[in-house]
Amino acid sequence: MNYQQQVDEIVSSGKFGDLIEFSYPIGYSHWGVYDGDGNVVHFAVTDQGQLLSSVRNSLQQMFPVCGDLLLGETRIRRVPLRDVNIPKGAHVFISNNRHAFTPSASQEMKLRCNALIGHEFPYHLFNFNCEHFATFVRYGKAVCNQIPLRRKNVECLEATTTFSNIVSSKEAAQDDSATTTTFSNILSSKEAQDDSATTTTFSNIVSSKEAAQDDSTTTTFSNIVSSKEAAQDDST
């Protein structure tokens, strides 16, 4: 299958949180997390100046089997699978069986993924790479199983801690925002109740005043009629 056919196969069966492996001919794999609708979240090149961009492009032309070269910094981006820069001969597929961990609940994976999108990090091939990110989103543990001479399925605590701190900070900010909104709604409701009570009070006062005026008018008319009748009786 060509690359587009491989992408189509992922889109037809992929679920949010699936690990996407881009297997390169040199034996190294790039990793990302499937985000639905044909998109992947992964370590991508950061915004660069003209000089660094020129250097990276030159190196990629010299080593065309490596895909995007991450020089110093990386930015977590959400992009269409078809737009990921891969070398000729690479294969892309869902790869959820390369790590000996239980996937987190979908809601937890989504929280981690959304909290980390857009962040920039120093890239480190051995201690902070694309596989560390992808496994953290799926399992809550940053793991890389393709580092030579290192045991498989061993968590990189440094990477896990870095990612976790950002996610926790994002959660705290959302909680504060939710609390503020709740208090604002309570105050608005209280103010509305106070306005309603004030309006009712004024309405009652006006109604009472009108009723008193009506009673006074009725009494006045009654007194005039009674006086007229009395005058007629005296005349008789």
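Q: Ground rule before we start: two strands pair if DSSP finds at least two bridges between them. So in the hairpin of E1 and E2, which residue takes a positive phi?

A: That's Gly27, with a phi near 100°, and the hairpin has 5 residues between its strands. Strands here are DSSP runs of E with at least two residues, helices are runs of H or I with at least four, and both are numbered from the N terminus.

Q: What kind of model is this, and which pLDDT cut-offs apply?

A: It's a predicted model: local features need pLDDT of at least 70, side-chain atom pairs count only at 80 or more, and totals for chains, interfaces and linings use all residues. Residues are numbered from 1 along each chain as its sequence is written, and side-chain values use heavy atoms, with hydrogens and water left out.

Q: Fine. What's the strand order in the sheet?

A: E5-E1-E2-E3-E4-E6, an open sheet of 6 strands with antiparallel pairing. Strand E5 (91–94) and strand E6 (120–122) stand at the edges with a single partner strand each, so one side of each has no neighbour in the sheet. On average, neighbouring strands are turned by 35° against each other, direction ignored.

Q: How many bridges join E1 to E2?

A: There are 5, and the two strands run antiparallel. Ser23 stands opposite Ser29 in E2.

Q: And over how many bridges do E1 and E5 pair?

A: E1 (residues 19–23) and E5 pair over 4 bridges, again in the antiparallel sense. In E5, the bridge partner of Ser23 is His91.

Q: Which helix lies across E1, E2 and E5?

A: H1 (residues 3–13), running at about 10° to E5. Axes are lines fitted to C-alpha atoms, for helices over the stretch in contact, and angles run from 0 to 180 degrees between N-to-C directions.

Q: How many residues of E1 are buried?

A: 4 of the 5, so E1 is largely enclosed by the rest of the structure. Buried means under 20% relative accessible area, exposed is over 50%, and partly exposed is in between, using a 1.4 Å probe on protein chains only.

Q: What about E3, how many of its residues are buried?

A: In E3 (residues 39–45), 7 of the 7 residues are buried, so that strand is largely enclosed too. Val45, for instance, counts as buried at 17% relative accessibility. The C-alpha atoms of Val45 and Arg75 are separated by 5.9 Å, though the two residues are 30 apart along the chain.

Q: How many bridges join E3 to E4, and how many join E2 to E3?

A: 7 bridges join E3 to E4 (residues 73–80), running antiparallel, and 4 join E2 (residues 29–36) to E3, also antiparallel. Phe43 stands opposite Ile76 in E4, while Tyr34 has Val40 as its bridge partner in E3. The E2 and E3 hairpin has 2 residues between the strands, and Asp37 in the turn has a positive phi of about 55°.

Q: Switching topic: which residues have the most contacts inside the largest nonpolar core?

A: Phe43, Ile76, Leu116, Phe121, Phe133 and Phe163, in a core of 26 residues. A nonpolar core is a set of buried Ala, Val, Leu, Ile, Met, Phe, Trp, Tyr and Cys residues joined through side-chain atoms within 4.5 Å. E2, E3, H3, H4 and helix H5 (157–235) are the elements that give two or more residues to this core, and H4 gives the most, with 6. A second, separate core has 14 residues, including Val7 and Ile10.

Q: Which residues are buried in H3?

A: In H3 (residues 106–116), those are Met109, Arg112, Cys113, Ala115 and Leu116. They cover an arc of only 165° around the axis, which puts them on the same side of H3; the arc is that of the directions from the helix axis to the C-beta atoms. Just after H3, Gly118 takes a positive phi of about 95°.

Q: Last one: is Thr135 buried or exposed?

A: Thr135 counts as buried, at 0% relative accessibility, and its place is in H4 (residues 130–139). Leaving out residues up to four places away in sequence, Thr135 touches Leu19 and His99, among others, where contact means heavy atoms within 4.5 Å.
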